[in-house]
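I opened a notebook on this structure. My entries follow in the order in which I looked things up.

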Amino acid sequence: MPSRLRCAAPRGLSCAVNHARIPNRSAVLLLPSAPAAIAASRQYATAAAAVSKSSSFRLPDDYVPPTKPPTARPADTRKSQLLRTYTSLLRSTPLILIFQHNNLTAVEWAAVRRELRLALGSIASERTNSAEVASRAQLQVIRTRIFDVALKIVEFHDPSKVGPTTVSALTGEKVQVVYNHDLSKAAYKAVQAATKADEPLPESSAYAQISPLLVGPLAILTLPAVSPAHLAAALSILAPSPPAFPAPSKKKSPGYHDPIAQSGLQKLMLIGGRIEDKVFDLEGVKWVGGIEGGLDALRAQLVYMLQSAGLGLTTALEGASKSLWLTLESRRSVLEEEQNGGKEGEKKEESS
Amino acid sequence: MITRFITDVTTRFNPFSPRAKSARLFLTFLPPTARLSGMNITTQLLPRSSTEPSSLHIKFKDGKEMKLDCEAMGIKSIVEEVDRHSRLLQKEADLADG
């Protein structure tokens, strides 16, 4: 069928031309209605047939695809993605406990996680989000060095302080764009500037306090809220210390006393914690876990304290004016009495 | 590291001190079945403010005790020290087995 063959060629060519004009989805977004003003030096030939037609289309030299911002690290490697995961974890998680794990086997990890889940799930919930906290608590093994870098980025890189960069859009016009993501050069430079090898880190920074902990194989337990009840339950499983956080009894949770779980728990070592951007050691974590009634109780205590202090203050301030008023009032009554007494005396004298 | 001949490991360290690194890393060198095969491992964590030096105390099957100074030694030299004695015991054990 010759006619069909003849038709196929022009159709194919037009397809190729269209394709060359619009190389990908992101380009479509930036392309103006009239693509005549395209001028730059980079050139992509997508179809051999379309070269002559589309030679007018060139990407600007400093064009940055909107879905792929420039990064200081290769953006699509596992390490970079892990780093982004850790930074977002550090920014969003108020309570992180850091454990050292010494050669736990897979079955031991499974047993430890099972016991932890059971303990967290069995907390009697007077608050509504208790189950949610329990379900989102996670014990995960981390890559120590990447976690270290993530901590640095979270501490020293402030995305709001990064200035805009000028890049070209597809059309060649200059656009102001802010690249302040965690993999950006700005983040990299901020971290480099803060942690120079010859200068010691300031003692006040949380990273300086937590960095000695980040050695060897580590695991973290993340809780999505600072809930002392959940923390206490987790401590009683993972790092039991008899008076405050006793291990569960054999009758109550037989799985905990299973030899596999026990040997796993013996190899887990709680070395510290990061609670609301502050670094705590074992004692500090236990102190937080020992807060009765959680944050609400602490707030109630504070309110009560402030109220009683205010009450004392008002009575003290009132006291001076009150006593003044009392003395004046008594003086007035005395004077009145004297006046009345004098008048009565006079009246008596007159009458007599 | 040869851990067959170690019967007792006792460590004390403050995890917030950078010098505790070698003591902590030594614990990670012990195999997963160390406790099952009869090794006693005791770890004591010191509070954050403590300035006590980190210590590592090892006992071997033949009764030899080793007190290693974790402050000055890196993990490599600690492993070297421990292996030096373990190799002697290994040699003896191999000869005894025939």
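Where does Asp277(A) lie? I found Asp277(A) in the loop between β6 and β7 of chain A. Strands here are DSSP runs of E with at least two residues, helices are runs of H or I with at least four, and both are numbered from the N terminus.

I noted the ground rules next. The model is predicted: local features need pLDDT of at least 70, side-chain atom pairs count only at pLDDT 80 or more, and totals for chains, interfaces and linings use all residues. Residues are numbered from 1 along each chain as its sequence is written, while chains are lettered from A and ligands numbered from 1 in the order in which they are written.

**Entry: the loop.** I checked the backbone of Asp277(A). Its phi is near 65 degrees, a positive value in a residue other than glycine. I then looked at Glu276(A), which sits in the loop between β6 and β7 (278-280) of chain A. Phi of Glu276(A) is near 50 degrees, again positive and again not in a glycine.

Are these residues buried or exposed? A residue is buried if 20 or more other C-beta atoms lie within 10 Å of its own, exposed if 12 or fewer, and partly exposed in between, with C-beta atoms placed from the backbone. Glu276(A) has 9 other C-beta atoms within 10 Å, so it is exposed. Asp277(A) has 11 C-beta neighbours inside 10 Å and therefore counts as exposed.

**Entry: chain A.** I read off 13 helices and 7 strands in chain A. Of its 352 residues, 24% are buried. I also looked at contacts, meaning C-beta atoms, placed from the backbone, within 7 Å. In chain A, 75% of the contacts with a separation of 6 or more join residues 24 or more positions apart.

**Entry: where A touches B.** The contact takes 18 residues from chain A and 18 residues from chain B. On the side of chain A, α11 (259-267), β6 (268-275) and α12 (282-289) each give two or more residues. The largest share, 3 residues, comes from β6(A).

**Entry: a sheet in chain B.** I traced 4 strands in an open sheet, in the order β2-β1-β3-β4, with mixed pairing. Two strands pair if DSSP finds at least two bridges between them.

Definitions and conventions. Two residues are in contact if their C-beta atoms, placed from the backbone, lie within 7 Å.
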